[in-house]
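My entries follow in the order in which I looked things up.

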Amino acid sequence: MRPTALRRPSARVAYVSTPLRQSPGARVGLSIAVATGLYGISFGALSVASGLDVWQTQALSLLLFSGGSQFAFIGVIAGGGTPVAAASAAALLGIRNAVYGMQMNVLLHPTGWRRPAAAHVTIDESLATSTGQTDPVEQTRGFWVAGVGIFVLWNLFTLVGALAGDALGDPKQWGLDGAAVAAFLALLWPRLRSREAAAIAVVSALATILAVPFVPPGVPILVAAVVAAAIGWFGYRSGSEGEGLEPDIDPYPRSDGSDRTAAS
């Protein structure tokens, strides 16, 4: 008992004294914030091309703030779906952030005004940056630098993209009417890293194709989401003991030197 009690305080003091500019968590968080924030340009331009105005586009980034959910929303709108169907698709994709929030609450123990702030910036990137660190101080630094940094840059570049897209005029004139759907597929493709994920994607795609002739626009993506959720749930219940929910990005390279970082 005594050796353990003596080691823990000394390690904490060493990490607390590390300057912020030399913090590994802050460095990783800042690099991810810049890389991810730039994607806001594409979202802003494609959102306006899908039929939303600049203020609606900006509101999505400020209030929803989840890249995958935002692209799903404008993808449904671009495909002719109703706002209810678009919001439902975005909500289904955003469920994972609620699970992330429970993980981060246990890890960081935010209090006061930090609780709602932490909940809002809990996304794939901030979770991955935080959990990639081993020291509690660096976990906290990585989370806040990544989360707040992405929030600021994502909204800034969303505005830039929205203003640029608005200046282009009619999206059909430039062939942008289907770009939102293509962007969402491009966002999804790098995340099919395992055989199970690819199988779920194929089954969901088949369910979507079968549903298209029979349901209104925007509903097929909900059918696909329900199918994927059901497969994932029953697969987890049937024998994935010890496996936690993995965030969509990994800010650290694999052991073979390859990098699998992707935007949320």
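Entry 1, overall make-up. I looked up the secondary structure of the chain and found 12 helices and 0 strands, where helices (H or I, at least four residues) and strands (E, at least two) are DSSP runs numbered from the N terminus. I note that this is a predicted model, in which local features need pLDDT of at least 70 and side-chain atom pairs count only at pLDDT 80 or more, while totals for chains, interfaces and linings use all residues. Residues are numbered from 1 along each chain as its sequence is written, and side-chain values use heavy atoms, with hydrogens and water left out.

Of the 264 residues of the chain, 38% count as buried; buried means under 20% relative accessible area, exposed over 50%, and partly exposed in between, with a 1.4 Å probe and protein chains only. I then took contacts, meaning heavy atoms within 4.5 Å, and among those between residues at least 6 apart in sequence, 75% join residues at least 24 apart.

At what angle do helix H5 and helix H6 pack? For H5 (residues 67-78) and H6 (residues 83-108) I find an angle of about 155°, with the axes 8 Å apart. The axes are lines fitted to C-alpha atoms, for helices over the stretch in contact, and angles run from 0 to 180 degrees between N-to-C directions. H5 and H6 are therefore roughly antiparallel to each other, given that angles under 35 degrees count as roughly parallel, over 145 as roughly antiparallel, 65 to 115 as roughly perpendicular and the rest as oblique. Their crossing is right-handed, a term used if the near helix is turned clockwise from the far one by less than a right angle, with left-handed used if anticlockwise.

On the H5 side of this contact I listed Gly68, Ser69, Ala72, Phe73, Val76 and Ile77, which meet Pro83, Ala85, Ala86, Ala87, Ala89, Ala90, Leu93 and Gly94 in H6. By class, the contact of H5 with H6 has 11 nonpolar, 3 polar and no charged residues; Ala, Val, Leu, Ile, Met, Phe, Trp, Tyr, Cys and Pro count as nonpolar, Asp, Glu, Lys and Arg as charged, and the others, Gly among them, as polar.

Leu60, Ser61 and Leu64 in H4 meet Ser69, Gln70, Phe73 and Ile74 in H5, and by class the contact has 4 nonpolar, 3 polar and no charged residues.

In H3, I find Gly40, Phe43, Gly44, Leu46, Ser47, Val48 and Ala49 buried, and H3 is followed by Gly51, whose phi is positive, near 120°. Helix H8 (residues 124-131) is mostly covered, with 7 of its 8 residues buried.

Most residues other than glycine have a negative phi. His109, in the loop between H6 and helix H7 (114-120), has a positive phi of about 50°. Is His109 buried or exposed? At 56% relative accessibility, His109 counts as exposed.

Ala224 is in helix H12 (residues 219-237) and is buried, with a relative accessible area of 13%. Leaving aside neighbours within four places in sequence, Ala224 is in contact with Ser204 and Thr208. Ala225, also in H12, counts as partly exposed at 24% relative accessibility, and the C-alpha atoms of Ala225 and Thr208, 17 residues apart along the chain, are separated by 9.3 Å.
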